Amino acid sequence: MISIRTVAVVGAGTMGLGIAQVCAMYGYATVLADLNGDQLSKATSIIRQQLESLVAKGKLDAKRKDESLNRLSFTTDLDLVKADLIMEAVVERLSVKQELFQRLERNNTNECMLATNTSSLSVGAISSVLKNPGRFLGIHFFNPADRMKLVELIGGLKTQPKHLAIAREFLNSLQKTVVDAKD
């Protein structure tokens, strides 16, 4: 069974930056991607501020803050988004998510797992355009992702059980409470 070492998050809004921050804090090399460079810059500043706030409150030491920031990288080039696990937190529009995942699937290995953070669209519908829908699943974080413990794990009709198991292990490593949810 593969293990997650690298993570990418596409979409640098509130959810995406929170997910990226959590992944970096728990030891994962993390890429945060967004086509909007201004949004990406804003997300970078917010993550830095949130980590500094945790240090000020005594919930994080300065060394771990620096290590977390060093694990993060940022890009506006979707062709550079390569990881063991790629999650999206983009606009809730089926066609946008489908086009994004088709591109990500083309640019990554067959071992790369793909996940949506959607709470309103079907995991099966999003993955229906993929060549390998077995590696696609839903990982729904709640807002704010860096503080909320609950995460829903959603398999589509074609999601392979091994990918759900890998995702569960990954989410447990983030100290999240994982609940299974139906598509």
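This is a predicted model: local features need pLDDT of at least 70, side-chain atom pairs count only at pLDDT 80 or more; totals for chains, interfaces and linings use all residues.
User: Why are H2 and H3 called roughly antiparallel?

Analyst: The axes of helix H2 (residues 37-56) and helix H3 (residues 62-71) cross at roughly 165°. Angles over 145 degrees count as roughly antiparallel, so H2 is roughly antiparallel to H3. The two axes come within 9 Å, and the crossing is right-handed.

User: Which residues in H2 and H3 meet?

Analyst: From H2 there are Ile47, Arg48, Leu51, Glu52 and Val55; from H3 there are Ala62, Lys65, Ser68 and Leu69. By class, the residues of this contact are five nonpolar, one polar and three charged. Contact here means heavy atoms within 4.5 Å.

User: What makes up the contact of H1 with H2, by residue and by class?

Analyst: Leu17, Gln21 and Met25 in H1 meet Ala43, Ile46, Ile47, Gln50, Leu51 and Leu54 in H2. Seven of the contact residues are nonpolar, two are polar and none is charged.

User: What lines the largest pocket?

Analyst: The lining has 16 residues, and Met25, Leu54, Lys59, Asp146 and Arg147 lie nearest the centre. Helix H1 (14-25) and H2 are the elements that give two or more residues to this lining. The volume of the pocket is about 340 Å³.

User: How do the lining residues of the largest pocket divide by class?

Analyst: Six are nonpolar, three polar and seven charged. Asp, Glu, Lys and Arg count as charged, and Lys59, Asp146 and Arg147 are among the residues nearest the pocket centre.

User: How do you know that the peptide bond from Asn143 to Pro144 is cis?

Analyst: Its omega is near 0°. Most peptide bonds are trans. Pro144 is in the loop between strand S6 (136-141) and strand S7 (150-155).

User: What makes phi of Gln175 worth a remark?

Analyst: Phi of Gln175 is near 60°, a positive value in a residue other than glycine. Most residues other than glycine have a negative phi. Gln175 sits in the loop between helix H6 (161-173) and strand S8 (177-181).

Note on methods: Residues are numbered from 1 along each chain as its sequence is written. Side-chain values use heavy atoms; hydrogens and water are left out. Axes are lines fitted to C-alpha atoms, for helices over the stretch in contact, and angles run from 0 to 180 degrees between N-to-C directions. Helices (H or I, at least four residues) and strands (E, at least two) are DSSP runs, numbered from the N terminus. Angles under 35 degrees count as roughly parallel, over 145 as roughly antiparallel, 65 to 115 as roughly perpendicular and the rest as oblique. A crossing is left-handed if the near helix is turned anticlockwise from the far one by less than a right angle, and right-handed if clockwise. On a 1 Å grid over the protein atoms alone, a cavity is a set of points where a 1.4 Å probe fits but cannot get out, and a pocket is an open set with protein on both sides within 12 Å along at least five of seven lines; lining residues have an atom within 4 Å of a point. Grid points are joined across faces, edges and corners, and a volume is the space filled by probe spheres set on the points.
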